[in-house]
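Please open the structure in your viewer and keep the selection tool at hand. The stops below tell you what to select next and what you will find there.

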Amino acid sequence: METGSSVSKGTFAYKGKKRSIDADQYFKRSDTLGTYRQRLDVLQEAWENIDTQIQILRSDLNSKIFDDLVKFAKSSHESFTLGGGQIDSTPKEIPTAAFVTGVNTPDHGVMFSTLVTTLQDKVSPLVAILKSKDCNSVKNTLSKTLTQLFQNPLLFSEDDEAIPGNTKNMTCSMSTLVSWYQDKYNTNNSSPKKRKSLGGGSKDLGQYPPIVILFEDLESFLPHVLQDYISICRNYIGEIPLVFVFGIATSVSAVHRLLPNAVSSMLCMEKFQAPPSTEYLNMVINQILMTSRYPFKLGSKVFQLLLDIFLYHDFSVLNFIKGLQFAMMDHFFTNPVSHLCCSVEELEDRVTSLKPKEVEQVRRLMSFRGFVEGCPPSKQEDMLLNDKVTKLEFVVLLRRIHTYHSHLYPVLKCLHIMVSKIPKHPLGKQLREVYSRLLKSFICDTEDYKECIELLRMTSKDELMDLLQQCRSSLTEDLPPDLSTLPSDLDALLDRFLKIDEVTEEETPENTEESLHLEKTDLHTLRKRLQEEGKKKKKLSPYEKLRNETIDFFDSLFRKYLVCPTSLPLYEIFYYDAWGEIKRHLNASPRSVVQMALSSPHHYLQCKCCESEPGSVTPSMPDICIAYKLHLECTQLINLYDWLQAFVTVVTTDEDLDEEKIKNPDKELQYPFTYCDKCVQMFTSVIRDHVLARFIRAVSELQFLGFVKPTKRKTDHVARLTWGGC
Amino acid sequence: MYIKVLFCVQILSSSLTGHANTATLSKTSTVLHVQTFIIIRLPIRSNSARDMDAGSEPPIADTVSSISESIPCRESQIKLLLSLFGEKRCMTVPAIFAYGHTATGKSAVINSILKTCKLPHVLVNCVECYSSRFLYEAVLNGLYTNNGRQKPETPVKCENMNDFVRLFRHTCMDLHLQNETVYIVIDKAERLREMDTNILPAFLGLQELADGNVCVILLSEIVWEKFRCGTGFQEPFIVQFPDYNKDELLRILVRSAPEGYSAEFYQMYLSLVLSVFHIVCRNLSELQHLAAINFRKYIEPIKNGEATESDSRKLWKNFEPHLKKALQTVYLREVSSTQWERMLEESDAGKMMTQQGLSSRTHVELPYYSKYLLIAAYLASYNPAKSDKKFFSKHSDKHKKSKVIKKQERTNNHMLGPKPFPLDRLMAVFYAIVEGKVAPTANIFMQITSLVSVHLLSQVAGDDQIDVPKYKCLVSLDFIKSVARTVNFDVVRYLYDFV
């Protein structure tokens, strides 16, 4: 601490020791049942599984576009030879891949780092990645390129002595790179032994591996830097094989915004479009959330919130996954019996090892209470008192949820296929929308579902058969025993549809139309008869019959399996639905929190004295709140003196009169109690100074929070920075 | 010949007066009286030199014809330059300034002259020299490498002009170049103006500063008048490279005829291409690119056996609609030739393809609120702040206001470009147009930043970046219209210019 004492007044920052939190210590505080260890283990295992799955998905998704890019980079300099540039008189263009990545910028970092490793593996060890924040001048850009190329660990994996250690002393110009490249690959040419040693990182890369330069965020580059850099590179394209990859977030026209024709004509661009991030999201939802493999599930509100953040705010799958991870963490942290959220195999062991306290905790779950109330009275007692019986019941119930999951997803996919062609998509266009509805309530009771079934009863034969085919092909994965007959059922239905034409022919004669007897009747009777005629059920054609049968089949299938998860007992163990918590952490609104604190401080201070109807100002509030509330009544410019007067009025009215206040001067100044004339004068001046100081402090605090700022437009005024009144 | 001698004498005398000056290189004004003399002398000399060439010296005529074989349509420039250069040992003009548009053969002509005549020279591109040190070192090191000598063990280091002149003289001695003219070719010479102020005057007067036979050739795309930003210049000899006309373009392009096709046939093709593109594009390299990527389409009927080479009418009919399409993407270079071919094949299958390709050029997928934020930013940029009340408050007296506005002659805001607006106004407009209730969460503000990072908005520099940040909207009306269409928002109805 000695170093901290100094003559000058200043703030000193100390780099504290890095403290790592001890898991035991941290969790014990909020743990009442002592299950945190198990929960932590379950969480870590579950997250590891999900994370590896996500990695696989990511590489699958980008594999195609990466393959294309790799092919492009490889083929662009196939015929390159050293010194070939001089022979060719016409200046060449730099092969450039315009890689349109989409606006989900948070995801790009991961994407580009995978791209770099892919390129290094498959094309060339010479890959440099440039980010706009490092490239504010041509010099920086060049030095960044050169250091990345020269200090590439892949190149010097073995006994190579030629590590140009000090890149600082070297001149940062392209000619340095050229001579380095020529040195490197010419010597390889002459001594095959050495070349072999180099081959460690780069197999079959040809004699002259291209130098790939990636621009991660092209839009943010300074145009003149980029232009100069490209023209420099163009001057050397004959001597070293350069390939550019432009990462473009918006559209290819961004290139033309940045580069004039003189420069863009030096490029030979080819466009590559990365798959949209919604596709990736769909994959994540389908493979992570909508599968019985991972027991952890998101509840309807949290799911909807995460989706909303994705669709309305950033299109970033990375953020979605972060949200999912947070939800998992919070679930296992707050729910003391969440270690039961495990796979079926471990379920029984875990339940039997439950301690009495934990059993009690499970009994308190709302869904279980509802379930017990539904049981016959004799059983109810056992359930509540006998731990053994209850545990058995737990196993049954938890197993039921697992089987429910295994049934749910194949059937849900069928439902999505069936309703996907219906105009206006009452149940939603995407599978995730249907799923979100299912999480919310029993889907078969909704109006939209009924509408869909009605519309399905009117589909044509071709469409219906097409839908059936799709359903059939979606049921490929391992089906649970209950559903194992479903594909064959569908096949049978399809078969019958195919054969229906034959049936129709047989039955047509029966469909004789009753011709209307044209008798002489009055208008009234005719109308009545026609109405009756209409009411009479039209005889159904065989196709219609079969169609109804099919739809009924599906309807009963859906009704059986597409139950809302919240109706199942003990669903809380698997489903996380703390919407408020997630919202607070992932979609915070700092501004409204500050405004809330200022307009109703009792919400945070939990004090009685400040409780009042919104809009009123009481002197017991903190000064900054009073100042804030007063400034709300003002227009764009606030006269400081008027503001002070209002502040003084609010603050002093009670203070002078109220004896109570003076008796507990918790935050007030203790002023003298003698009441001679002189003292009164002194007393008021002290008060005034004191209040003035408080006012000034409140105003500067408001300025700090960004509500007002000093202005030069008018003396003794401050400008308001927010709009809107109370 | 005597003029040349006189000229040399003059140079020598000028370098004598200039000796005092070599120490303080930033000012060369003391030798101004000599420069004026040179300026007067130059035209006389060059004229007579040309006369001479035409008459008596066959070797020059040979070189002219051999160079102009590879670079056609530039005979007069080649002749002029060759006569200026004269023989190796003769003194040459101290500086030549060659200018002309892109792809008019400036560098090609000079490079090939220097190479065919085997003159000692060095080529420097100013774009690479982001500091003057690089320029000096590039010239000095280039002298070694370009002339077939072994590179010096340690590359030459040179910090300033004074050192440069000294080292230059030293290098010339080293390479035994005292009796030859050394040529320094500086490409993109307009960049020299942005470097230290003494560089351009010093290079122009290098001959007398270095006291040797050196000629500095400046290449640029802009005229010499734009270089006169200081004092103390020695005027260079100016050579203009004019644009090629249509016939010349044809002559040059025809040289790159692909194998297997007669020159007449290719010329026919080129004249078709030029007839379409010459209106919009006269850049030789761009035309070369266009001719190369479209040729395959032209010969397609021949390959299929539907037409012969002489069937020009049929070929044209097949080719014309395709060229019209290609006209839309001139200068863009967004597709490489292989991709262009692939696109063509697809467009044959479904004719919609190219149209789609064009509109997808500018199409950007955005998150929902980002779209509204962008629309709000556009409205705030192009509507005057006064009109916000009219558009966005629910109870406004529309009739009164519109009358008042109509009386005034108002300028179209779209002509003036986007105006900056404070963050508050953006948020106010945003909340007025967005559907449903949106909490002002951190995510909303983050989106403004990410819109700035993809350059759909830009932050305007102001005195108060934290409290009142100001922005501008950078997108076009068409773009915002297409964005608004996706959220069913009629943006035109809210624009002040279209009411």
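Begin by selecting chain B, which exposes about 25000 Å², with carbon and sulfur atoms supplying 55% of it (accessible areas come from the Shrake-Rupley method with a 1.4 Å probe, and for residues only the protein chains shown count as cover). What you are looking at is a predicted model, in which local features need pLDDT of at least 70 and side-chain atom pairs count only at pLDDT 80 or more, while totals for chains, interfaces and linings use all residues. Residues are numbered from 1 along each chain as its sequence is written, chains are lettered from A and ligands numbered from 1 in the order in which they are written, and side-chain values use heavy atoms, with hydrogens and water left out.

Stay with chain B and colour it by secondary structure: there are 23 helices and eight strands, where helices (H or I, at least four residues) and strands (E, at least two) are DSSP runs numbered from the N terminus. Of its 499 residues, 48% count as buried, a word that stands for under 20% relative accessible area, with exposed meaning over 50% and partly exposed in between (1.4 Å probe, protein chains only).

Now select B:Ser220, which lies in strand S4 (residues 214-220) of chain B. Is this residue buried or exposed? B:Ser220 counts as buried, because its relative accessibility is 2%. Its side chain reaches the backbone nitrogen of B:Ile222 at 3.1 Å. Leaving aside neighbours within four places in sequence, B:Ser220 is in contact (heavy atoms within 4.5 Å) with several residues, among them B:Phe97, B:Tyr99, B:Lys106, B:Glu190 and B:Phe227.

Next, show chain A beside chain B and look at where they meet: 48 residues of chain B are in contact with 47 residues of chain A. The two chains bury about 4100 Å² between them, 54% of it on carbon and sulfur atoms; buried area is the accessible area (1.4 Å probe) that two parts lose on being put together, summed over both.

Select A:Thr459, found in the loop between helix H20 (447-456) and helix H21 (461-474) of chain A. A:Thr459 is buried, because its relative accessible area is 10%. Apart from neighbours within four places in sequence, A:Thr459 is in contact with A:Leu464, A:Tyr543 and A:Arg547.

For the last stop, select A:Phe695 in helix H31 (residues 677-705) of chain A. With a relative accessible area of 4%, A:Phe695 is buried. Not counting residues up to four places away in sequence, A:Phe695 touches A:Leu640, A:Trp643, A:Leu644 and A:Phe647. Finally, select A:Thr105 as well: A:Phe695 and A:Thr105 are 590 residues apart in sequence and 45 Å apart in space, C-alpha to C-alpha.

Key:
A polar contact is a pair of N or O atoms within 3.5 Å; within protein, one must be able to donate a hydrogen and the other to accept it, and residues adjacent in sequence count only if both atoms are side-chain atoms.
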